[in-house]
Amino acid sequence: MTVTETPPARTDSCAARPRPHPRPEGRDHYTISEVAAHTGLTAYTLRWYERIGLMPHVDRSHTGQRRFRNSDLDWLAFVGKLRLTGMPVADMVRYAELLREGEHTFEERQELLESTRRDVRARIAELQDTLAVLDHKIDFYADARRASERV
């Protein structure tokens, strides 16, 4: 499954198009252990993703061994970004289901991503407030140390 949605042009720094997942040039078939090495996910996690419907159908070799493609690596990179947002697994699975259903689900997919973006922005604001408190405390202790060194 390939995520081919192209975001509209934006001017904010968070709107940069994601970089493709690094992979060996000229290859398009990977074993589960190679994918685990590329992504940092365990083979168990990759199998679990497939079992719960988060991972699209993965091709198999004639011996039944999973054969991942570059498009699978791209999808896993996207799922990794969704995980970093804190999106619940159930929402990620729902997004994957909608993607498989086709273009008529664009609006629902957009709503799901917009909801996640709102959550991320709220967390960023909380973290910025927390950073301001930490900066204040660090400055306080730096000033106190300088004052005690002068005495």
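At what relative accessibility does Arg109 stand, and does Arg109 count as buried or exposed?

Analyst: Arg109 counts as buried, because its relative accessibility is 2%; buried means under 20% relative accessible area, exposed means over 50%, and partly exposed lies in between, with a 1.4 Å probe and protein chains only. The model is predicted, so local features need pLDDT of at least 70 and side-chain atom pairs count only at pLDDT 80 or more, while totals for chains, interfaces and linings use all residues. Residues are numbered from 1 along each chain as its sequence is written, and side-chain values use heavy atoms, with hydrogens and water left out.

Arg109 belongs to helix 5, which spans residues 106–150. A polar atom of the Arg109 side chain lies 2.8 Å from the backbone oxygen of Gly102. This distance falls within the limit for a polar contact, which is a pair of N or O atoms within 3.5 Å; within protein, one atom must be able to donate a hydrogen and the other to accept it, and residues adjacent in sequence count only if both atoms are side-chain atoms.

The chain as a whole gives the setting. It has five helices and two strands, where helices (H or I, at least four residues) and strands (E, at least two) are DSSP runs numbered from the N terminus. Along the sequence, these elements follow the pattern α-α-β-β-α-α-α. Of the 151 residues in the chain, 26% are buried. Among the contacts with a separation of 6 or more, 55% join residues 24 or more positions apart; contact means heavy atoms within 4.5 Å.

Helix 5, the element that holds Arg109, packs with helix 3 at an angle of about 50°, their axes being 10 Å apart. Axes here are lines fitted to C-alpha atoms, for helices over the stretch in contact, and angles run from 0 to 180 degrees between N-to-C directions. Helix 3 is therefore oblique to helix 5, since angles under 35 degrees count as roughly parallel, over 145 as roughly antiparallel, 65 to 115 as roughly perpendicular and the rest as oblique. Phe78, Leu82, Leu84 and Thr85 of helix 3 meet Leu113, Thr116, Val120 and Arg123 of helix 5 in this contact. By class, these residues are five nonpolar, two polar and one charged. In this scheme, Ala, Val, Leu, Ile, Met, Phe, Trp, Tyr, Cys and Pro are nonpolar, Asp, Glu, Lys and Arg are charged, and the others, Gly among them, are polar.

Leaving out residues up to four places away in sequence, Thr85 touches Thr116, Val120 and Arg123. A polar atom of its side chain lies 2.5 Å from the backbone oxygen of Leu82.

Helix 3 (residues 70–85) meets helix 4 (residues 89–101) as well: their axes come within 11 Å and cross at roughly 140°. The residues that make this contact are Trp75, Phe78, Val79, Leu82 and Arg83 of helix 3, with Met92, Tyr95, Ala96 and Leu99 of helix 4. They divide into eight nonpolar, no polar and one charged.

Ala96 of helix 4 is buried, because its relative accessible area is 0%. Between the C-alpha atoms of Ala96 and Pro56 there are 7.9 Å, although the two residues are 40 residues apart in sequence. Gly53, in the loop between helix 2 and strand 1 (59–60), is in contact with Ala96 and Arg100, its neighbours within four places in sequence being left aside. Gly53 counts as buried because its relative accessibility is 16%.

Ile32, Val35 and Ala36 of helix 1 make the contact with Ala43, Leu46 and Arg47 of helix 2. The classes are five nonpolar, no polar and one charged.
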